[in-house]
Amino acid sequence: MAQQGVEKVGVDKHNFARTGRMALYGGAVFGPAATTWFKFLQQRINLRNQNATIAARVLVDQTVFASTNLFCFLSSMAIMEGSSPKDKLDSTYWPALQKNWMLWPIVQAINFKFVPLAGRVLVVNVVSLGWNCYLSFINSQGKDKLRTK
């Protein structure tokens, strides 16, 4: 989606290896990790007030899971591409994490408030269609294009 919808590279210049790397990470790493993570949050973070529980889950999700998942994503992409994980993290991690915090806290607050546990990964997967386009795009860019103002 990122290559065609955002970058508009055309089918003849489509990087199928990049698409494969994204699919591999999503299916083998993110999907199982997110399913386990949501079960953990549901079982371990329960306060007396429902809104406080939701806020606590979002806080833990965004400080622990989001930051760790982004680190793993960028590092694994660099390894699969044959480049330096350190360079990739130095150039993309902080700008991507900042963008993550602009989107995911509200998505997760709505998700935790209104969606049953069994449907939460599906909600994340739907929103991730757009988010993964962004991740794929930033993963393919150099550090000069990622600097935030």
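Author: Buried means under 20% relative accessible area, exposed over 50%, and partly exposed in between, with a 1.4 Å probe and protein chains only. This is a predicted model: local features need pLDDT of at least 70, side-chain atom pairs count only at pLDDT 80 or more, and totals for chains, interfaces and linings use all residues. Residues are numbered from 1 along each chain as its sequence is written, and side-chain values use heavy atoms, without hydrogens and water.

Reader: Is Arg21 buried or exposed?

Author: Arg21 counts as buried, at 15% relative accessibility.

Reader: Which side chain does Arg21 meet in a salt bridge?

Author: Glu81, at 3.8 Å, N to O. A salt bridge here is a side-chain nitrogen of Lys or Arg within 4 Å of a carboxyl oxygen of Asp or Glu. The pair links distant parts of the chain. Glu81 sits in helix 3 (residues 50-81) and Arg21 in helix 2 (residues 16-44), 60 residues apart. Helices are DSSP runs of H or I, at least four residues, and strands are runs of E, at least two; both are numbered from the N terminus.

Reader: Why can such side chains pair at all?

Author: Side chains of opposite charge can pair when their charged atoms come close.

Reader: What else forms a salt bridge with Glu81?

Author: Lys88 does, with the closest N and O atoms 3.4 Å apart. Lys88 is buried, at 10% relative accessible area. Glu81 is partly exposed, at 32%.

Reader: How many salt bridges in the whole structure?

Author: A search finds 3. One of them joins Lys86 and Asp90, whose closest N and O atoms are 2.7 Å apart.

Reader: Where do Lys86 and Asp90 sit relative to each other?

Author: Both are in helix 4. They are separated by about one helical turn because they are 4 residues apart. Lys86 counts as exposed, at 56%, and Asp90 as partly exposed, at 47%.

Reader: Switching topic. Which residues form the nonpolar patch on the surface?

Author: Ile106, Ile110 and Phe114, with about 340 Å² of accessible area together. Phe114 lies in helix 4 (residues 85-114) and is exposed, at 61%. Patch residues have over 30% relative accessible area and no salt bridge; like charges are joined within 9 Å, nonpolar side chains (Val, Leu, Ile, Met, Phe, Trp, Tyr) within 5 Å. Areas come from the Shrake-Rupley method with a 1.4 Å probe; for residues, only the protein chains shown count as cover.

Reader: And where does helix 5 bend?

Author: At Ser128, by about 45°, within residues 117-139. That is the angle between axes fitted to the seven residues ending there and the seven starting there. Ser128 is one of the buried residues in helix 5; Trp131 and Leu135 are also among them.
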